[in-house]
Amino acid sequence: MDDLFRAHRGNLSGQAAIAQAATHRAFELRRALPLDLENPRSLIYQVLQLGSFAYVSDRWAEFRAWLRDRNVTPEVIPQQNEDWDGHILHVLSNIWIRLLRKDGWSDLTAVGELVVTLRESQSEREEAYLLDADQDGTVKPKAWRLIALYHWARASEMIAEYMMQGTPIGIQAELDFHFDRAIDASQSALDAPTEVTLKWLHLLASRMVAGSLWSLTSAGRETRNLISVKTRNALFEFLPPQRSALLEQGLLDQASTAVVVDLPTSAGKTVLAEFKAVQALNQFKEERGWVAYVAPTRALVAQITRRLRKDLSPLGIRVEQLTAAVELDDIEQQMVTQADDPFDVLVATPEKLHLLIRNGVVERPLSLMVLDEAHNIADKQRGVRIELLLATVKQDCPEANFLLLMPFVPNADDLANWLSPQSGRSISLGTSAWQPNDRLVGLVKINPPAQEKDRRNWSIAYKTLSTSAHTLVVDEDLRIGEGANLPFTYARMKNNLGLIAAAGARALSDRGTSIVMARTIRDVWSIARNLKESIPAEDISEEISLVQRFLATEVSPEFELIGLLDSRIGVHHAGLSDEARSMMEWLAEGGHLRVLVATTSIAQGINFPVSSVFVASRQVSFKTHSEEMPSRDFWNLVGRAGRVDQDSIGIVGLACRDDKDELELTRFVKDAMGSLASRLVSMVNEIAARGRLMDLEGFLYSDQWADFRGYVAHLYNQSNSLAEVLSKTELILRNTFGYNELADGDEAEKQKGRALLSATRKYAESLSRNPQNAKLADSTGFAPESVGAATRELRQLDRSLTREDWMPTSLFGPQGSALPDLMGVLMKMPQVRESIEEIAPGRSNDGSKVAEIATEWVNGTSIQEIAQRYFQQDGDESLTKALTDTCKAIYRNLAMAGTWGISALSKMPSSGLDFDSLAEDDVRRINMLGAMIYHGVATESGVVMRMASVPRSVADSLGAQVLSAQGQVPSAGEARSYLKGLPPEAWERHRPAGATMSGDDYKQAWRILVGEAD
């Protein structure tokens, strides 16, 4: 016990480390034992000692799941007798089960109430109890036993108070006092079981208060305020990795300007970011500094915004979100430049923040940049963009601190030292033993029927490949489920990966939401339909009913997903609207879905835990090909299987057909994750491998180098002359992670670095021949070459564009619009060409069809009507496919490439616009064009409503009301405040004719989308 106390105080000597490891093992062994229900006192000590082992070994999350699995509640402990000491022990067992599970404020407040009840009963029962003891000669030991129990009760009361309120401040000394007295008294009473239990509880209590959020109170008043908010939301303790990062490894050390946190998935990285953000805002308070929180996908941006608003808004911290469109409309421009009531935290994608930083839009200093899922710096699609964003922030925002959050990165030190060579710090806990629960990773197969004639009597086998605890290793196949659970024959099942994964998910869906991951959208729908055949319609929750009405109104009453939800089956893919995906995530997070079927891309966007994950395909689809999911992404997804405090075991199953699959999947699971490599270096290596290193300058003009060219153009714009750029080129490149790797490597790597340096200098020289293109590249996000090409294409149009052509009423009007011409120009721009062409594949490539779709979208045509008019051909294609193609075309292609492209073209010298001579209102209207396309509304006030998360079907109408009420277009923040107080009957007045949703439904849906729903 002394060794364990030494370990708790940070003295990990050999004996202390051995004792802690032994406790870790003891927890595994003791939790497997049956409950001693025949002996109440023995049962109490069994539960309390197991809880102590859990806390000492940092496994209390698993212990809470054990409490639920074994149905150990205060009510389960029977009253052992009517003696006073027995009654106290029974109440103490009730108290400590509540302290250990901490299921909201009710448990902790009940502790104080129970202790008060004991005090009130003491005067009535103690005297009689001692008189009886005096008569049978046991008064002395029983008196000592009462003293022990009283001190124990007082210590328990203090722990509950501290977990809720952070008082008393010096709680550890007081706990030591009460536990020492209780232990001494139990020794005097010759009560060995109580003595041993109290020693363990003393250690448990010390660990509990050390892991409490209130242990951070020394960090300042703002941090204490955040802790108050967190505890009001029933978060009382840090998870062990959070505690280690904050209290032991110096996350909040202000001397560390760049911190790279390598944590296991589900370890609560967002909580760490919140504490760091609050500290940074306080540190730069006089300078009015701001925090950028960067997430890789629109879905994660929306999720994080909702989370941060919930936690930080009560502190007076204003959290705003930028759309993913690579342009800054006037409303966003006003939001980020507003002097009175400025934002504090800005959540954005890497592309959007890069545009903001390059153009110096926010004049206040950036105090902290949080980069979530930072391992994407190695991603083939976006890695260079993320690396160059970090390099640009280093260059343009010298006061900024960095916090990079990622899982499973062995070379976190390299990243920290790159960002801040003198004061970088890495906090690496990705390989720690802690897990939120045990996990199994294995293969799912279909076993043949026992008799060949019983073709539908197959079963599901699970073969373990990897576990988080060696005690879970199983050599032979396990059978999961009760047999065939899909209405198909063995012949059809055995070689169909989608059906195999669906069967596994169906078998375990009673445990909680299960995810099935498929390669394509088509596969997702197929799997969901097959599951629907085996899962009858249920009495669904009101939450699901609300989402069904939302989908019927915002997508189509005939949308197939509505029927799937009758069986609690959801889908998640790029063929859904952003709002529909948010609704699916909300249902999954709340445990309302049995199964969520999704494409493998969800590995980048899932930010909520589920009970189990079944992988039908480990391939990730791109536009022209598929690639195996990176090992780091797979293990990141694995970390979502099993919910903290909820599931004892998280299960991951990979669908397997035969021995060949088994070999490949076993290799895939066992492959070690390598160090995080710069994508910039990877691109140079690809050229070197082809023996073309000396031709690197020519390769710079290829599409995959477009972001790098934009980076060089930005640095060119910041310099006073070409000579200055050339003299500082190496210093500029040193800001990138990749060039540092090359320049500091061996001779072969140095040679690659010299080639990159030479090519960069020559490219900078080429920019000097047309500096206007470099300048426009910064403001538009286009590469300089695309700027030049767009300028030429606009000049070659059949007619010159004028101001009138760019007015929203003309551009999205019924006749004479220039939009087809503009879309035709975009079809020739490399950075957006593919995305624009995908909107209307196989149709006219002059931009007319794309323009028609965009015009209908902006003018309020429903998704169903657009689908039937443009995507459901010859009447024989299913509406599901047409709706899917429509949503993909609008939300993935038009909202991104169309918005970006139209905004960029308006800034070209040949656009027919002279912004300096335009009226302010005209400038504002033109700058809103991209936002109208992005949000699918025709008015500025409608855009504001959409930015405030109002459903599209009422956005323009509701926006007109707000505009009329306030006399001006509000900001998104003002709109949210207005909508918060808007009663359901006011929403009802804007409800379109025939809409399935009621006014109350609209209000509830808005609360979900804005992040205010429970």
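**Cores, cavities and fold of the predicted chain**

Modeller: In this predicted model, the buried residues of α36 pack against α34 (784–795), α35 (808–811), α37 (833–839), α38 (848–858) and α40.

Biologist: What makes helix α36 "mostly covered"?

Modeller: A residue is called buried when its relative accessible area is under 20%, and six of the eight residues of helix α36 (residues 819–826) are buried. Those residues are L819, L822, M823, G824, V825 and L826.

Biologist: Why does G642 count as buried?

Modeller: The cut-off is under 20% relative accessible area, and G642 has 1% relative accessibility, so G642 counts as buried. G642 sits in the loop between α25 (631–638) and β17 (649–655). From C-alpha to C-alpha, G642 and V271 are 19 Å apart in space, while 371 residues separate them in sequence.

Biologist: What share of the residues of the protein chain counts as buried?

Modeller: Of the 1014 residues, 59% count as buried.

Biologist: What makes a set of residues a nonpolar core, and which members of the largest nonpolar core touch the most others?

Modeller: The largest nonpolar core has 200 residues, of which L551, L561, F634, W705 and M823 touch the most other members. Helix α40 (residues 879–906) gives the most to this core, with 13 residues. A second, separate core of 99 residues includes I95, I97, M208 and I317. In general, nonpolar side chains tend to be buried together in soluble globular proteins.

Biologist: Which residues does L561 touch, leaving aside those up to four places away in sequence?

Modeller: With that exclusion, L561 touches W525, L551, I569, G570, V571, L576 and M584.

Biologist: Which residues lie nearest the centre of the largest cavity, and which element supplies the largest share of its lining?

Modeller: Among the 29 lining residues of the largest cavity, A302, Q321, D578, R946 and S949 lie nearest its centre. The largest share of that lining, seven residues, comes from α13. Among the elements that each supply at least two lining residues are α13 (298–312), β3 (319–321), α23 (578–589) and α40. By class, the lining of the largest cavity has 13 nonpolar, six polar and 10 charged residues.

Biologist: What lines the second largest cavity?

Modeller: The lining of the second largest cavity consists of F550, E554, V555, S577, E579, W857, I863, Y891, R946, P951 and R952. By class, this lining has six nonpolar, one polar and four charged residues.

Biologist: How do you know whether the radius of gyration of the protein chain agrees with that of a compact globule?

Modeller: For 1014 residues, a compact globule would have a radius of gyration near 31 Å, and the protein chain has 31 Å, so the two agree. Along its principal axes, the C-alpha trace spans about 115 × 70 × 65 Å. The protein chain has 47 helices and 17 strands. Of its contacts with a separation of 6 or more, 73% are between residues 24 or more positions apart.

Technical notes: Residues numbered from 1 in each chain as written. Predicted model: local features only at pLDDT ≥ 70, side-chain atom pairs only at ≥ 80, totals over all residues. Heavy atoms only, no water. Core = buried A, V, L, I, M, F, W, Y, C linked by side-chain atoms within 4.5 Å. Buried < 20%, exposed > 50% of the residue type's maximum accessible area, 1.4 Å probe, protein only. Helix = DSSP H or I, 4+ residues; strand = E, 2+ residues; numbered from the N terminus. Contact = heavy atoms within 4.5 Å. 1 Å grid on protein atoms, 1.4 Å probe; cavity = no way out; pocket = protein on both sides within 12 Å on 5 of 7 lines; lining within 4 Å. Nonpolar A, V, L, I, M, F, W, Y, C, P; charged D, E, K, R; others polar. Rg over C-alpha atoms; globule rule 2.2 N^0.38 Å.
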